[in-house]
Amino acid sequence: MTAAFTLSDVNKVYGSREVLNVRHLEVHHNYCYTILGPNGSGKTTLLRIMGLLLVNDGGKINVLGEKITWEKSQLLRLRRQMAMVTQSSYMFLGSVYYNLAYGLKVRGNSGTCINQKVDEVLEIVGMSEFKQADAHSLSGGERQKIAIARALTVKPRVLFLDEPTTNIDNKSIIEIEKHIKEINTTFKTTIIMVTHNLFQARRLSDKLIMMWDGKIIEEGGPALFEEARDARTRAFLSGQLVPTMI
Amino acid sequence: MDVIWQGVKEGFFLILSLDQELVSITVLSLQVSLTALFIAAFLGIPVGAALALKKIPGKKMILNIIYTFMGLPPVLAGLLVYLFLSSRGPLGEYQLLFTPTAMIIAQFLLALPIVAGLSARAVMTQRQEVYDTAVTLGATRRQAVWAIIRESRLGIIAAITTALGRVMAEVGAVMMVGGNIKGKTRVMTTSIVLETRMGNDSTAIAIGIILLSISFLITFFIIALEKRSFKDDSSIHIV
């Protein structure tokens, strides 16, 4: 089976600074990947390029079996197989229902089908009673759960998570992590997550990608926490304070 | 103070008696201002959104010009329209001067920069996140741009209500291009000027009350359309 993502010599430059330079990366289907690294190491840039939200300056990218040409119809086709949840997920003005229905509406689904799907995902995240609530009145934890539910409505093959549990309470973190695991195992969705929380990375990840100064310095399974070869990876994974890159 | 109180009482009596002239002035005012506002919104919102979202050469300069024209003095707008529509002007052959159409054009010129400028500002304040959220949920570019405009609707509604206030309260331009002709181009603001000059304070006050009530009702209606988005209780708690 071909990899879900293959990146070769992909870079991104802002002004005179190269913020990303990935020689080779393969992301395989159905795994939960975590991208780790200090601030400014290029994690979010990598995630946004893989999510087709940011155009790379050089290199080749293959996503879900297609070589990326950044052509409009290709972007739409591939983006419709992915979803993203960010640190403080944006909620559209309106109700929770409006937010959950959005991805289905833009795909041209009918009212009954939308309603049924919305009820289904609200049930999954245990927030059925919030269906008609104002999306902007939700707490941080509730908002993130709705963001995950919103991503679930479109049944993505790949789910990107950029710091999905930063600044939220422990109870919500437990629930969100449970949902992430379920999505990965039940729906066979490939998860690519950026987190600063090393414990979370250890709890959720099948694969770890360690970044430093825009480059991938090491990859591996959870054993990386004990057996990292690179001194910088060892320092970071042991919780030592490492200097910020920017 | 007695004069004002007397004026208010007589004004209310005039309103309740549905004075024929008062009714026709009110109807014409509404026709002129709402038509001008509708056309300004129809053109101004897309122009504002395009200026905010598209890469257009000289965009900053265009925006600066629009912002300058937001403060366009009504008499100057009236003068411009007058010069274009007068018998010696380039559009003189259409004989539009001193007609409601001329008044609509003048008010449109006043409303357009406000709608376009404030709509552009409202769209510009939206964050990249809105576009990203829409496209990651499967929206096409067009759908994502529409999502940005939809999310800017509070600002756009503010733009429309501001423009409405401008055109409803405007007197200089409509006086110049409409001529305040009884039964033909007389509107509420020009009537207030005329009645005050003639010493008919009660009539002027009555028209003033109607003008204020209509402005309030229209604004109330516009906000009610989007009541879910407007919250009376501010989310900023100042202790």
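**A friendly tour of chains A and B**

A nonpolar surface patch of about 770 Å² is formed by B:L76, B:L79, B:L80, B:Y82, B:L83, B:F84, B:L91, B:Y94 and B:L109. Patches take residues with over 30% relative accessible area and no salt bridge, joining like charges within 9 Å and nonpolar side chains (Val, Leu, Ile, Met, Phe, Trp, Tyr) within 5 Å; a salt bridge is a side-chain nitrogen of Lys or Arg within 4 Å of a carboxyl oxygen of Asp or Glu. This is a predicted model, where local features need pLDDT of at least 70, side-chain atom pairs count only at pLDDT 80 or more, and totals for chains, interfaces and linings use all residues. Residues are numbered from 1 along each chain as its sequence is written, chains are lettered from A and ligands numbered from 1 in the order written, and side-chain values use heavy atoms, leaving out hydrogens and water.

Q: Which helix of chain B gives the most to the nonpolar patch?
A: Helices are DSSP runs of H or I with at least four residues, and strands are E runs of at least two, numbered from the N terminus. The top contributor covers residues 74-85 and supplies 6 residues: helix α4.

Q: Is B:L79 buried, partly exposed or exposed?
A: B:L79 lies in helix α4 of chain B. Buried means under 20% relative accessible area, exposed over 50%, and partly exposed in between (1.4 Å probe, protein chains only). At 35% relative accessibility, B:L79 is therefore partly exposed.

Q: Which helices of chain B do the buried residues of α11(B) pack against?
A: Among the buried residues of α11(B) are B:A206, B:I210 and B:I214. Contact means heavy atoms within 4.5 Å. The packing partners in chain B are α1 (2-16), α2 (20-53), α8 (153-169) and α10 (188-197).

Q: What is the radius of gyration of chain A?
A: Chain A has 9 helices and 10 strands. The radius is taken over C-alpha atoms, and the globule rule is 2.2 Å times the number of residues to the power 0.38. For 246 residues the rule gives 18 Å, so chain A is as compact as a globular protein of that length, with a radius of gyration of 18 Å.

Q: What percentage of the residues in chain A is buried?
A: The C-alpha atoms of chain A fill a box of roughly 55 × 40 × 35 Å along the principal axes. Of its 246 residues, the buried share is 54%.

Q: What is the relative accessible area of A:L104?
A: A:L104 sits in helix α3 (residues 96-105) of chain A. Beyond four places away in sequence, A:L104 touches A:N109, A:I114, A:K117, A:T153 and A:V154. A:L104 is buried, and its relative accessible area is 5%.

Technical notes
Areas by Shrake-Rupley, 256 points an atom, 1.4 Å probe, with all protein chains shown as cover.
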